[in-house]
Amino acid sequence: MKIYEVHERTPELIAALLSVWESSVRATHLFLSEAETQSIKKYVPEALSGVEHLITAVNDEGRAIAFMGTLDNSLEMLFVQDDERGKGLGRQLLEIAVNDYSVTTLTVNEQNPQARGFYEHMGFKVYKRSAVDEQGKPYPILYMKLMKTL
């Protein structure tokens with residue numbers, strides 16, 4: 001496996017990361033309807049293109065299996081292919097985010113307790129809650145800050 005920052009965001013890479021996103025969301029965002037998942041999916045390529053730092057993990061065959069994006073000191077996205085979850089990839093990516101990109105804040109869906117638990121285990125604590133997501137949808141968002149060194 002190899003983890004690296006992407007410098008050229010080709011259509012092929014965006015498509016591969018979109019596949020990772022969808023696999024991850026289907027496994028962890030059980031609160032989303034199929035229609036909501038498809039609606040959100042339309043905006044993912046734009047988010048992938050617009051994030052300041054895009055870091056991907058590829059397996060030995062060169063297939064993308066996880067990625068994260070950071071902007072300023074915030075983790076904007078972190079997704080792991082469903083069949084790669086539980087193998088430490090999320091931890092590795094989050095440690096890189098904190099240590100190499102000075103990430104100290106992130107947001108997580110309140111209805112994704114696995115992700116919240118993971119971030120809490122990694123030293124992040126909730127400091128604010130919003131009853132709706134960034135699009136005004138009824139999916140509560142938790143704002144978290146890093147409270148310890150990784």
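User: Is I141 buried or exposed?
Analyst: Buried: this is a predicted model, and in it I141 has a relative accessibility of 4%. Because the cut-off for buried is under 20%, I141 counts as buried.

User: Where is the place of I141?
Analyst: I141 is in strand β7.

User: And what is I141 in contact with, leaving aside neighbours within four places in sequence?
Analyst: The contacts of I141 are then T107, V108, N109, K128, R129, S130, V132, D133 and E134.

User: Switching to α4. How many residues does α4 have, and what does it reach from first C-alpha to last?
Analyst: α4 has 13 residues and reaches 17 Å, close to the 18 Å expected at 1.5 Å a residue.

User: Which residues of α4 are buried?
Analyst: L89, G90, L93, L94, A97, V98 and Y101 are the buried ones. Viewed down the axis of α4, they fall within an arc of 165 degrees, so they line one face of the helix.

User: What happens just after α4?
Analyst: S102 takes a positive phi there, about 55 degrees.

User: Now the largest nonpolar core. Which residues touch the most other members?
Analyst: L75, L78, L94, Y119 and F124 do, in a core of 23 residues. The elements giving two or more residues to this core are β2 (53-58), β3 (64-71), β4 (74-80), α4 (89-101), β5 (105-109), α5 (113-121) and β7.

User: Which element gives the most to this core?
Analyst: α4, with six residues. There is also a second, separate core of 19 residues, with V6, I14, L17 and L18 among them.

User: On to the rings. How many aromatic pairs does a search of the whole structure find?
Analyst: Six. One of them is F31 with Y139, a tilted pair at 5.4 Å centre to centre with 50 degrees between the planes.

User: Which parts of the chain does that pair link?
Analyst: Distant ones, 108 residues apart: F31 is in the loop between α1 (11-28) and α2 (34-41), and Y139 is in the loop between β6 (124-130) and β7 (141-146). Y139 is buried, with a relative accessible area of 11%.

User: Which residues do ring pairs link into a cluster?
Analyst: W21, F67 and F79.

User: And which lysine lies over the face of Y127?
Analyst: K145, at 4.6 Å from the ring centre. K2 lies over the face of Y4, at 5.1 Å from the ring centre.

Notes. Residues are numbered from 1 along each chain as its sequence is written. This is a predicted model: local features need pLDDT of at least 70, side-chain atom pairs count only at pLDDT 80 or more; totals for chains, interfaces and linings use all residues. Side-chain values use heavy atoms; hydrogens and water are left out. Rings of Phe, Tyr and Trp (its six-membered ring) pair if their centres lie within 6.5 Å; planes under 30 degrees apart count as stacked, over 60 as edge-to-face and the rest as tilted. Helices (H or I, at least four residues) and strands (E, at least two) are DSSP runs, numbered from the N terminus. Buried means under 20% relative accessible area, exposed over 50%, partly exposed in between (1.4 Å probe, protein chains only). A charge sits over a ring if NZ of Lys or CZ of Arg is within 6 Å of the ring centre and within 35 degrees of the ring normal. A nonpolar core is a set of buried Ala, Val, Leu, Ile, Met, Phe, Trp, Tyr and Cys residues joined through side-chain atoms within 4.5 Å. Contact means heavy atoms within 4.5 Å. The expected span of a helix is 1.5 Å times one less than its number of residues. The arc is that of the directions from the helix axis to the C-beta atoms.
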